[in-house]
Structures are given as structure tokens and as C-alpha cells.
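Notebook open. I'm jotting down what I looked up, in the order I got to it.

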Amino acid sequence: MRSAIRVLIAKPGLDGHDQGAKIVVRALMDAGFDVTYSGLRQTPQQVAQLAHETGADVIGLSSMAGSHLSFCRKLKPILAEYGLQEKLWIVGGSIPAQDHTPLKETGVDGIFPAGTTLQEIVTFITERAG
Amino acid sequence: MSREKPPVPKPVFNESGLEIKPLYTPADVEASGGNDKIGLPGQYPFTRGIHPLMYRQRPWTMRQYAGFGSPHETNKRFKYLIANGQTGLNVAFDLPTQIGLDSSDPVAAGEVGRVGMAVDTLRDLEIAFEGIDLEQVTVSLTVNGSAATLIAMYLELARKRGYDIRSLRGTAQNDILKEFIGRGTWVYPVQPSIRLVADTIEFCAHEAPKYSPVSVCGYHIRESGADPVQEMAYAFCIAKVYADEVIARGLSVDEFAGRLSYNFNIFGNIFEQVCKFRAGRSLWAEIMREQYDAQKSTSMWLRMIAGGGGSGLTKEQPELNIVRGAYYALIGALSGAQTMALCSYDEAYTIPTEYSARISLRTMQLLTAEMGLCDTVDPLAGSYYVETLTSQMREQMEKVMREIDAQGGIVKLISEGIIQSQLSAQAYERRRQIESGEFAKVGTNCFQIDEEEQEVALHPYSDEDALAQIAATMQVCAERDNKQVAAALAEVSAAAAGDINVMPAISKAVSSYATVGEITAKLSDVFGCYQEPIRF
């Protein structure tokens, strides 16, 4: 039997709004995934390092304070350094529509703005990383 | 014709878990404790309000949260809000400032001026408040982790502009314990963080006795998943921690308790919120009088800013948030709030535009100007339902506070991440209820429409502005007396390492244009940094 999908949920940058991230962590745990939560204030380096250490299949970022795009652009080359560029990369939170295309161009596979259901996130991960 | 019995109504519970009956009568008021605690406004236990005439004497202060980018831009928005009739300012700082980093810190890159105003030195406050009379408009600083520095900076600003800080009014949020629960702008470990709050309270009690150094926040506790009863009960537990710490230094409760204030959330069931505030007012008064032996009425007052309520707003059909905001403001007015701030309808995805900020302000002005909300005090008093629920909610708050104490107290529960875990479990449960339709949310799980993801007007962010801020601070640092700065910073270190109040040393440091980051670095050298407990 294949072991559970490993997911890292990280809080990038200085934003302290973690209610959404923690809800997603709980939903993914209930869905049977092996979830690691980073805690607040992760740098791009720390996110990549933690993804590497935990053997993450999925790297999820939760951003509520607007710095998602600049963070992802910094994270991309560091993920590559760690050989994590093929992992499923998802971003959720307060992500305005006009940022979706630039995020996709940066390499983000799935975007889950406010209003996404927990089931949509679970389904996406199951289909794409399962 | 069939004679069916009318169906028995389904039981209804409010968010705090109290069952709501279809009808209330005088017997319910009697059964829940009678009229003893209702009393009169302006009199103990203040259920009906802290002042005898409330809004008849003066409407609530309208204080929308504002601040972004550079101090120059923030100054413009402040003047815009004042010109539109706003009576207080509520300053938003950017995240680097809130956690004590300079704009030039590599960790701050991409976040300078993004969610609030960047402040590195006193110069930035001088610019932000240029042309604003600090006695005409009261200023609230929404800052916690770096609050000691920002309070000192604001008081120094006032002093340098010639105000008597002994009569200066204003508020700082400065409630670090709730930052560990939600919002997350902590810096130092729990114990030294509490000590810093006590330092600011003690300092203000002596030097700036009209200034409110702490606004204890149920608000963010509620945003993190608490129900309305927990929101109040946890906030009271936290306020008691600060009070105990200050009393342990030898101050009497009446020397500082009158300057403690509160920040609470409004969203959800109208009557539950109104009763929450009425219940909380009498409970806090009783705690201060019976447990702390407060003699002055002002020490027993639950003074509050109320509003929000971010978690009540939806991204779907965002214009409905304007309507929700109007109800939230109505609740605040029916609850006797001293100050109100509303989340703007676009706040779920951006910093409010001038347009949306004005709608929030006008929402409150409609109530005072057109709707008669200032005419009479506590207009819901005497309602069988409201009085019964007020008593029941108060009983629940007392019960929750006893449970917290029985588990070792709020500081222990926060330090171990137990409160955080409990609230995130509750928030998850609520989210599931919204997704299943069990908990109604208009536009989200009922009365939906087909909505295209709209491009929204976003507050622009520019790296050039951040660079300009860094350059401006470099200029300030080039012009200041660096010997004086170094001496003041050494005093900050010594005070932090000893057991004397750090505020006089921080005041000297900010006065000589030391940066927020320099002061934070000295304090964290002594105190260390907080390690977040991760617990699910």
C-alpha cells in the first residue's frame, strides 16, 4: 500500500493570520494526508528546507497579507536548488484574481482563494499528488 | 377540517450554545436572576452603560483603521478621514514595524508599507501626524509586539510638539497575550512580553495618566474561532494577568485600571452580541470591585472599541458586506460602545479604498444623524429576552473563566498552545458547518448567485516606495547624534536585563531617533525570541 500523501502547509512572510492555514491543516489531516504545519514567518529558504526534510509531496502556502507573489518568485529558484520543482505547489488565502496568472507562470499548480471549499483542496491534492 | 397541533418549533441555539426560547416573559427574567444587575447607566454594575447619558451626551468615537505605505500617504488619508467627520484615528502599521524590524531588514523585503504605514524612527510619526492636532483627535496605535517602542515614540512626538503628555489621550492595542492566540505579531517569549506590557502600564500611570496603554482584545480571539462568551471570558482572563503583574509592582488598582480598555468583535446574532456586551460590562465591574477591591468607578468601567467584524464578511456578493456593516454598527450602538470601527466591504481582499472607507464612516453617521440611536440610553433594556440572555451569558462567562483557572490559567494554556488548538478546532468545525449548509451564510451557502471572479481595485504596492522609505531612514540616521543613540540603546539593554522599567530608556532612545529595529534587537538580545508551540 502506498503511504499517505505528505503535505507541508507553510505561512510565508510576516503575516500572522493563521486561522485559514490551520483549518486547511485539519481538513487535510481528516482526509488522511500526512500533514506538517510550519508555523508563522517562514522565509523561502525555510519553506524549501522544511519541504525537503519532511519529504513533502505537496507544498502549500497560506497568505493573507498580499506578499504571495513576491514570495513565490523568491521561492521558485530555491525549490529548484532542493530538487523540489516537480512537487505539487499550491497557494491559498487572500489571492486576488489578477495575481492568478502571474502565480501560475511562476510555477504554482493550484490556487485556492478565499471561498474555496475544503473538499476542493482535498480533491485537487488527491488527483494531482495521489 | 383537520385539527393538527401546531408543530413544535425546532430547538434554536445561539453561537455561545445557549438555547433560545420562542417566547420570553417576566418569569424568564425572574428565573435568570431577576432585575438586580440591570440598574441604571452610569451606576454599578454598569450593565446599561458606563455613563448616565451615553450618546445623548456624546456619540461614540468613529475610528476607522487606516494607514499604508509611507508616512506621507498615511498623513493624507488621516486628513481625508478627519475632513469627512471621523473623530479618532486608528493607525495601521506595516508588518515589519509591528514585529520590530526596520524597513531595511532583509526579512522585511516585500512587506514594507504593505498592510500599514512603515515606521522606522520618530521622524516617520512626525510626518504622519503633521498638521493634525493631537488633542482634537484621539489616536489609537494598532501595535503589539513592538508596542513599548511605538508608545514611547508617540508620547515623545507629543512632547516635542509641546503637548502636556499628562493630559494627552490616546490608546495603544498592546495586548500581546492575544497575539499568541491570533494575529501573530509576537516577538519575545511569553513572560518578558507580559513584563513589557506591565512596563507600559506602569510608565503611563506615572507619566501619561490619561493615555490608555492597553486595549485588551477579545476581537482576535473571536476571529480565531471563539464563541462570543469565550471572546469576553478569555479577554477578561488576559486583562487580569496584566493587572496582577502591575499590582505586584506595588501600584494600587485605582492607579491604572481606569486606563485599561477593550476591543471586541461584532458579527453574528444581533441579540447575542448586545447581551454579550451588557453581560460583560457588569461582570468586569464586579471583577474589579470584588476581586481587586477597586474603589473608583472608572476602574470598573468596561470601555471598549467594538466593531469589525472581519469573520462575518464574505467574498461572495461583497456589496452585502455594506449591509452587514450597517447591522454591526447598529449592534455597537445598541451595546453602548465608546468607539466603533467597521471593516470596509472590500477588506476581505484589499486595503479599503477612500470610497469604501467613507461608506463605513457614513454607515455610522447614518445611525447618529438619521436613525435616533443617540436619543436614549440602552434602548433594549427591559426586554424579557435581552435581560434573560444577558444574565445567562454572564453566567456562562463566569463558568468559562473558572474553567480556565482550573486548567492552570490563561498564561499556561497560551504558552502550551492549548487555547490556540481548541480555537482552531472550533474554527474548523464552523467552516465545515458553513460548507455543509448547517450554519447559514448568505451568498456562501444560501441565496447564492453565479459570480465570476472579479478583478478588484487593489491598493498598489511599489518596491520604489519601500526603497524611498529605507533611504529616508538612512538620511535620519546620518543626521542623528550616534553617540547619544548608542548611550540610549545601552540603557535599554541594561533596563531589560535588570528589573527596572524599560520605558524611560526606550523614550530616550526614540527621542534620539534610534530605529524600531535597533531597540527590538537590544530587547531580544536579553529576552530571546518566542517559539510558537504547534499543536493540533
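**Sheet**

I started with strand E7 (residues 170-172) of chain B, which is joined to E8(B) by two bridges, the two running parallel. For me, strands are DSSP runs of E with at least two residues, helices are runs of H or I with at least four, and both are numbered from the N terminus. Two strands pair if DSSP finds at least two bridges between them. Thr171(B) sits opposite Ser212(B) in E8(B). I then followed the whole open sheet: five strands of chain B, ordered E4-E5-E6-E7-E8, with parallel pairing. Its edge strands are E4 (65-66) and E8 (211-212) of chain B, each pairing on one side only.

**Provenance**

This is a predicted model: local features need pLDDT of at least 70, side-chain atom pairs count only at pLDDT 80 or more, and totals for chains, interfaces and linings use all residues. Residues are numbered from 1 along each chain as its sequence is written, while chains are lettered from A and ligands numbered from 1 in the order in which they are written.

**Chain contact**

I looked up who touches whom, contact being C-beta atoms, placed from the backbone, within 7 Å. Chain B puts in 32 residues and chain A 28 residues. On the side of chain B that touches chain A, helix H3 (95-98) and helix H16 (418-436) of chain B are the elements giving two or more residues. H16(B) gives the most there, with five residues.

**Around Ala235(B)**

Leaving aside neighbours within four places in sequence, I found Ala235(B) in contact with Val216(B), Cys217(B), Gly218(B), Ile221(B) and Tyr262(B).

Methods:
Two residues are in contact if their C-beta atoms, placed from the backbone, lie within 7 Å.
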